[in-house]
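Keep the 3D view open as you read, and take the points in order.

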Amino acid sequence: MFYQDERLALFIDGANLHAAAKSLDFEIDFKLLREEFLNHGKLLRAYYYTALMENDENSLIKPLVDWLTYNGFTLVTKSAKEFTDSQGNPKIKGNMDIELTVDAIELAPHVDHIVLFSGDGDFRPMVESLQRQGVRVSVVSTNQCQPSMIADELRRQCDNFIELKELRDRIRRPSNRKNSID
């Protein structure tokens, strides 16, 4: 539920949203996603959070990152860390939860409604804090896959849950386009 005169901000957990869309077998066209929410109110900010590998100029995410920065998104990045787990397997860590939380809480006095694109239950305390400040919070994720991509505690805390599958036809990258950044 949106009101045309409300001030909106989008907070996109890039890795989480990518995984949710992939579980539903589609790719997001971020131009269409932004337009979708421009139609729901006064969109003040659209933040996209992602970790990047240092010195990886050939990264598949690089074109998306470049496109987002030139097309109305505020990009928040940090360097991903490479490490070896206890079984000797190489792993990459690049959690952006703290950055997203700090930005959302700082922006809260200037918005009426925040749309969080993540199903991560770690965001439940942030949502609760935003609500105490009078901000309505919608969460976009999916429970239409196994396992569900939305944590039960986050879904219960938010004011409105938006099933990503219901947005799919409006924000899906057309199959005839080579990439989501045309």
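1. A definition first: two strands count as paired if DSSP finds at least two bridges between them. Please also bear in mind that this is a predicted model. With that in hand, look at strand S2 (residues 42-52), which pairs with S3 in the parallel sense over six bridges.

2. Now widen the view to the whole sheet. Six strands form an open sheet in the order S3-S2-S1-S6-S7-S8, with parallel pairing. Strand S3 (74-79) and strand S8 (160-163) are at the edges with a single partner strand each, so one side of each has no neighbour in the sheet. On average, neighbouring strands of this sheet are turned by 20° against each other, direction ignored.

3. Helix H3 (residues 62-70) lies across S2 and S3, and runs at about 155° to S2.

4. On to the charged side chains. Side chains of opposite charge can pair when their charged atoms come close. How many salt bridges does the count come to? The count is nine. One of them joins Asp112 and Arg7, whose closest N and O atoms are 3.1 Å apart. Asp112 sits in the loop between helix H4 (97-107) and S6, while Arg7 belongs to strand S1, 105 residues apart. Asp112 is partly exposed at 27% relative accessible area, and Arg7 is partly exposed at 30%.

5. Helix H2 comes back here. Glu36 and Arg170 meet in a salt bridge through their side chains (3.1 Å, N to O). Glu36 lies in helix H2 and Arg170 in helix H7 (residues 164-171), so this pair ties together parts that are 134 residues apart in sequence. Is Glu36 buried or exposed? With a relative accessible area of 10%, Glu36 is buried, whereas Arg170 is partly exposed at 43%.

6. A salt bridge can also be found inside one helix. The side chains of Asp152 and Arg156 meet at 2.6 Å, N to O. Both lie in helix H6 (residues 152-157), four residues apart, which means about one helical turn separates them. Asp152 is partly exposed at 46% relative accessibility, and Arg156 is exposed at 67%.

7. Finally, look for a network: Arg124, Glu128 and Arg132 are linked by salt bridges.

Note on methods:
Residues numbered from 1 in each chain as written. Predicted model: local features only at pLDDT ≥ 70, side-chain atom pairs only at ≥ 80, totals over all residues. Heavy atoms only, no water. Helix = DSSP H or I, 4+ residues; strand = E, 2+ residues; numbered from the N terminus. Axes fitted to C-alpha atoms, helices over the stretch in contact; angles between N-to-C directions. Contact = heavy atoms within 4.5 Å. Salt bridge = Lys/Arg side-chain N within 4 Å of Asp/Glu carboxyl O. Buried < 20%, exposed > 50% of the residue type's maximum accessible area, 1.4 Å probe, protein only.
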